[in-house]
Each structure stands twice: as structure tokens, then as C-alpha cells.
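Here is a short briefing on one protein chain. Keep the sequence and the 3D view open while reading.

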Amino acid sequence: MLSPALASSSQSGAPNRRPTHNPKSNLAGITFETSHGRFVCLFWQSTTGDIWQSRFLVVARSSKWELWSTVLVARGAKQETPLAAVTWANGLKQSVFFLDDSNIIHERLSTDSGQTWEDGSLNNMTIGVGSKSKLAAAADSPLQDNITLKVVLYYQDRWDEIRQLRYLHDPLCMVTGAENFRDRWTPGSRCSASPIKGSSIAAGLDYKVHKASWIYYVLPSGAGGQANWPTGMAACDSYFSGAGTGPWI
């Protein structure tokens, strides 16, 4: 159960000096409901390069945000790293993604609503990205942890193409034929469009209804582009087929 901890804390839970926010830090956020109310969690980088999470409780009557805790999530990130985050199981489980100085993607995972953090399974892979790549993540997140969950993560590779990683959690074997892909990250396909180097990326995922994921990015002309990954009804969605693009500005 969540409990207030207004002083910042280290990865081991011991009190620590409150960090200083890097004014050039990127941000990522998640939100979820608990018995205490709605929480808004912001991930940010300190001046020392560490990744922190600040959790705010949204007071229903006043809509004010009250700082609940500030927790150290990770060390070793490159300065001004892009950040992306997802949550599922009604906030109980959370993942945040960032880059190190070698532009390798790292994942930190919490299974107790963000109170403690450990390395995620993506760290078993070595995924290098472009030096100016942003990150975007989305989860088709059920409230419970015992039904199918799908997470997608997008990045630009060293040739500036947008690529996809995907994770399937399916403890009840609800996706037929997914045995080789369950509970691990696997590479997906690439986007056939040509975004600018360091393009912003925004992602969405609706696996249950539309069975598709989609991203938005910036083209060299300055216009926006959209790519869709329809999954169809193929067993386990082993690879997304086809990517459509189109301007939206």
C-alpha cells in the first residue's frame, strides 16, 4: 500500500538529499487511481543525471496536487536523455525507459506502485538508438495483472528510421500461439517513412478493440506524419504488418 514519504528516498529506501532538477530535463508521466485517490507521477532527470519519480496526489475537492513522494529510479542515464513511461495493473506495475551515454535503451521496473525499482527485462537486450532519438511508449493496460498486456516502445535507429519493440504478458494464454513471445521483449517492424533526425514521437496502442498501434512524428518538411501498425488477427502478432503514413498538419 502506498504511504506518504515527503522526503526524497534512495533506491534502497534510505533517506537522501533532495535532488536538483535539471532545467533541460525531458519528462514522462503516468497516472492511476488508488484507494487514496488519483496519482500523477512525473519522471525527470536531476543535475547529476539520475532519474527520479515525483508522485503527486490529486486532491479531488480542490484539484490541487500534493507531493506524495520523490523516489530515485535509476542512475547512469545520459544527460538530457529522452524518457518514456507506462503503467498497468492499476498503477501497481510501472516501467520507465531511458538512454545511457552509449545510446543504449534501459528499462527500470517497479512492482509496488513506484516505491522501489529494479532493472526490467529489456536490459537483457542491447538496443542501440540514434544519438538524437526520442522514445515513446504505450501500453494496452488492463486494471488487473492476470490478463493480457501489450507494451510497445518506439525509437529512431542510427539511420533515423523509427523502429518498434514490443512486449507481451499473457499469463492466462489468451493469445493463441504466443508461447515464443510471452513475457519478453521482441523486435517489431520499422516505419517506412523518413522522419527528421531527432523527431518527436508520440505513440498509442489499442490491442483489444482496434488491434493496432500508431505513432506520430515530424517529417523533413515540418509537417506531421502518422504510421499505423495493424495487427490483424494473426496469432501472437509476431510482427506488425505494413505501416501507413499520412500528413496530419
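A salt bridge here is a side-chain nitrogen of Lys or Arg within 4 Å of a carboxyl oxygen of Asp or Glu. The model is predicted.

**Salt bridges**

- The whole structure holds seven salt bridges.
- Lys 197 forms a salt bridge with Asp 160, and the closest N and O atoms are 3.3 Å apart.
- Lys 197 sits in the loop between E13 and strand E14 (202-206), while Asp 160 sits in the loop between strand E11 (149-156) and strand E12 (162-169), so this pair ties together parts that are 37 residues apart in sequence.
- Lys 197 is partly exposed, at a relative accessible area of 47%.
- Arg 163 forms a salt bridge with Glu 161; here the closest N and O atoms are 3.6 Å apart.
- Arg 163 is partly exposed, with a relative accessible area of 27%. Glu 161 counts as partly exposed at 23% relative accessibility.

**Hairpin E2-E3**

- Strand E2 covers residues 28-34 and strand E3 covers residues 37-45. The two pair in the antiparallel sense over seven bridges.
- Two residues lie between E2 and E3, and the strands form a hairpin.
- Within this pairing, Thr 31 stands opposite Val 40 in E3.

**Open sheet E6-E7-E8-E9**

- Strands of a sheet pair through backbone hydrogen bonds, either parallel or antiparallel.
- Four strands make an open sheet in the order E6-E7-E8-E9, with antiparallel pairing.
- Strand E6 (84-88) and strand E9 (118-119) stand at the edges. Each has a single partner strand, so one side of each is left without a neighbour in the sheet.
- E6 and E7 pair in the antiparallel sense over five bridges.
- Trp 88 has Lys 93 in E7 as its bridge partner.

**Aromatic pairs**

- How many aromatic pairs does a search of the whole structure find? There are seven.
- Phe 32 and Phe 39 form a stacked pair, at 5.8 Å centre to centre and 20° between the planes. Both residues are buried.
- Phe 97 and Trp 185 form an edge-to-face pair, at 5.7 Å centre to centre and 85° between the planes.
- This second pair links distant parts of the chain. Phe 97 lies in strand E7 (residues 93-99) and Trp 185 in strand E13 (residues 184-190), 88 residues apart.
- Phe 97 counts as buried because its relative accessibility is 0%, under the 20% cut-off. Trp 185 counts as buried too, at 6% relative accessibility.
- Ring pairs also link Phe 32, Phe 39 and Trp 68 into a cluster.

- Ser 69 lies in strand E5 (residues 65-74).
- Is Ser 69 buried or exposed? At 1% relative accessibility, Ser 69 counts as buried.
- The side chain of Ser 69 makes a polar contact of 2.7 Å with the side chain of Arg 55.
- Ser 69 and Gly 114 are 45 residues apart in sequence and 9.6 Å apart in space, C-alpha to C-alpha.

**Positive phi angles**

- Most residues other than glycine have a negative phi.
- Glu 80 has a positive phi, near 60°, and is not a glycine. Glu 80 is placed in the loop between E5 and E6, and counts as partly exposed at 40% relative accessibility.
- Ala 89 has a positive phi of about 55°, although it is not a glycine. Ala 89 is found in the loop between E6 and E7.
- Ala 89 counts as buried, at 10% relative accessibility.

Technical notes:
Residues are numbered from 1 along each chain as its sequence is written. This is a predicted model: local features need pLDDT of at least 70, side-chain atom pairs count only at pLDDT 80 or more; totals for chains, interfaces and linings use all residues. Side-chain values use heavy atoms; hydrogens and water are left out. Two strands pair if DSSP finds at least two bridges between them. Buried means under 20% relative accessible area, exposed over 50%, partly exposed in between (1.4 Å probe, protein chains only). A polar contact is a pair of N or O atoms within 3.5 Å; within protein, one must be able to donate a hydrogen and the other to accept it, and residues adjacent in sequence count only if both atoms are side-chain atoms. Rings of Phe, Tyr and Trp (its six-membered ring) pair if their centres lie within 6.5 Å; planes under 30 degrees apart count as stacked, over 60 as edge-to-face and the rest as tilted.
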